[in-house]
Amino acid sequence: MKRRDFVKGIGIGTLATSSLVTATASAKPKIKWKMVTTWPKNFPGLGTGANFLAKTIGEMSGGRMEVKVYGAKEIVPAFESFDAVSRGTAEMGHGAAYYWKGKSEAAQFFAAVPFGLTAQEMNSWLYHGGGMELWREVYAPFNLIPAAIGNSGVQMAGWFNKEINSLADLKGLKMRIPGLGGEVLKRAGGTPVSLPGGELFTSLKSGAIDATEWVGPYNDLAFGLYKAAKYYYYPGWHEPGTTLETFINKEAFNALPDDLKIIVMNACRIANQDMLAEYTARNNKALHTLVTKHKVQLKKLPDEVLLKLRILSDEVVSEIAGKDPISRKVFDSFSSFRKQVIEWHKVSEHAYMNARAL
Ligand code: CA
């Protein structure tokens with residue numbers, strides 16, 4: 001029975017009924033959205049981040065909007081999320097922009113760039129440095145509106161079964177490392193392999209790959225990677241502050257009343273901050289467990305190796321600029337922002353971190 005019929009059915013006249021009529025007249029129909037994700041449902045940090053975003057939209061809208069989260073493969077496979085939201089199969093998606101390199105090379109700048117921006121720097125570029133406007137421009141031809149909804153912080157360099165003491169140790173190294181980082185490893189003489197998260201453990205354990213990166217201690221501990229490799233290297237030069245994203249179907253967004261549009265976008269800002277806070281809070285506890293309980297050997301990549309990787313990264317990243325006009329535009333904005341924020345952080349974050357470590 002619909003509420004309106006119910007009200008009619010019980011008749012008018014009592015005080016209780018008239019307040020029910022008022023409530024019914026002012027209630028808006030509930031807007032129900034589907035969110036497809038590129039992660040397994042409830043996956044720590046990433047899947048839980050999608051849940052948090054959905055819950056926040058529901059709460060901030062006072063229940064006027066309800067977003068239901070679907071894990072990878074529940075409606076569409078992980079890497080079909082972008083197309084699914086583009087054509088309106090779901091109203092929103094949850095992923096990372098580097099997955100859509102095949103759609104637009106420029107998308108990669110909005111997820112992770114080797115030796116690029118940290119989490120705080122990415123947010124500064126996006127919100128106050130022109131990045132968000134460019135991101136919208138890159139996704140517009142796909143009928144999508146993007147927003148940042150989380151960040152992993154600086155990742156780890158990965159899990160290795162042999163020590164990396166010099167560049168020569170990267171030669172012939174078969175490593176799971178996707179995206180631009182993989183291209184850099186290739187130029188350093190290694191063999192990058194692309195594998196979904198679910199296959200990392202067995203591939204490393206069987207020796208099909210020599211090394212793998214994933215995210216950081218919080219996620220890597222959950223995957224049990226310490227049972228398949230001895231050495232855990234840092235820092236994650238290839239993913240210094242990976243931004244996670246939502247992409248929203250343009251018609252679905254435009255159909256929202258103005259206040260709900262603002263609520264959705266502000267819920268994204270809250271989720272963006274919350275995921276970074278979760279990773280930062282949980283990573284060190286997990287790292288401690290890896291080192292003390294599972295006897296993992298924590299190692300820093302030698303400076304010589306990092307320097308070479310940085311030079312190769314600059315090469316690989318600047319080549320994207322030549323792919324098409326929008327990639328050039330995004331590269332120019334990203335690079336000039338990076339240059340000036342490095343100057344500022346030299347005398348702020350960087351100087352303070354050094355001072356604290358004295
Ligand atoms: Ca990673």
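Predicted model: local features only at pLDDT ≥ 70, side-chain atom pairs only at ≥ 80, totals over all residues.
Here, buried means under 20% relative accessible area.

**Strand β10, inside and out**

- Strand β10 spans residues 243–249, and 7 of its 7 residues are buried, so β10 is largely enclosed by the rest of the structure.

- β10 belongs to an open sheet of 5 strands, which reads β2-β1-β3-β10-β4 across and has mixed pairing.
- The edge spots go to β2 (65–70) and β4 (144–151); each has a single partner strand, so one side of each is left without a neighbour in the sheet.
- Going from one strand to the next, the twist averages 25 degrees.
- β4 and β10 run antiparallel and are joined by 7 bridges; Pro146 has Phe247 of β10 as its bridge partner.
- β3 also runs antiparallel to β10, with 4 bridges joining the two, and His94 stands opposite Thr246 of β10.

**Helices lying across that sheet**

- Helix α3 (residues 47–60) lies across β1 (31–37), β2, β3 (92–95), β4 and β10, and runs at about 170 degrees to β2.
- Helix α11 (residues 258–293) lies across β1, β2, β3, β4 and β10 too, running at about 30 degrees to β4.

**The sheet of 6 strands**

- Another open sheet has 6 strands in the order β7-β6-β8-β5-β9-β11, again with mixed pairing.
- Its edges are β7 (191–193) and β11 (297–300); each has a single partner strand, so one side of each is left without a neighbour in the sheet.
- Within this sheet, β5 (residues 158–160) and β9 (residues 231–234) run antiparallel, joined by 3 bridges.
- If you want a residue pair to look at there, Trp159 has Tyr232 of β9 as its bridge partner.

**Helix α13 and its two packing partners**

- Two packed helices are described by the angle between their axes and how far apart those axes are.
- Helix α5 (residues 119–128) packs against helix α13 (residues 325–347) at an angle of about 125 degrees, with the axes 10 Å apart.
- That makes α5 and α13 oblique to each other, and their crossing is right-handed.
- On the α5 side, the contact uses Glu121, Met122, Ser124 and Trp125, while α13 brings in Val330, Ser333, Phe334, Phe337, Val341 and His345.
- Sorted by class, the residues of this contact of α5 with α13 come out as 6 nonpolar, 3 polar and 1 charged.
- α13 also packs with helix α14 (residues 349–357), here at an angle of about 30 degrees and with the axes 3 Å apart.
- His345, Lys346 and Val347 of α13 meet Glu349, His350 and Ala351 of α14 in that contact.
- His345 of α13 turns up in the contact with α5 and in the contact with α14.

Definitions and conventions
Residues numbered from 1 in each chain as written. Heavy atoms only, no water. Axes fitted to C-alpha atoms, helices over the stretch in contact; angles between N-to-C directions. Parallel < 35°, antiparallel > 145°, perpendicular 65-115°, else oblique. Left-handed = near helix turned anticlockwise from the far one by under 90°. Contact = heavy atoms within 4.5 Å. Nonpolar A, V, L, I, M, F, W, Y, C, P; charged D, E, K, R; others polar. Pairing = 2+ DSSP bridges. Buried < 20%, exposed > 50% of the residue type's maximum accessible area, 1.4 Å probe, protein only.
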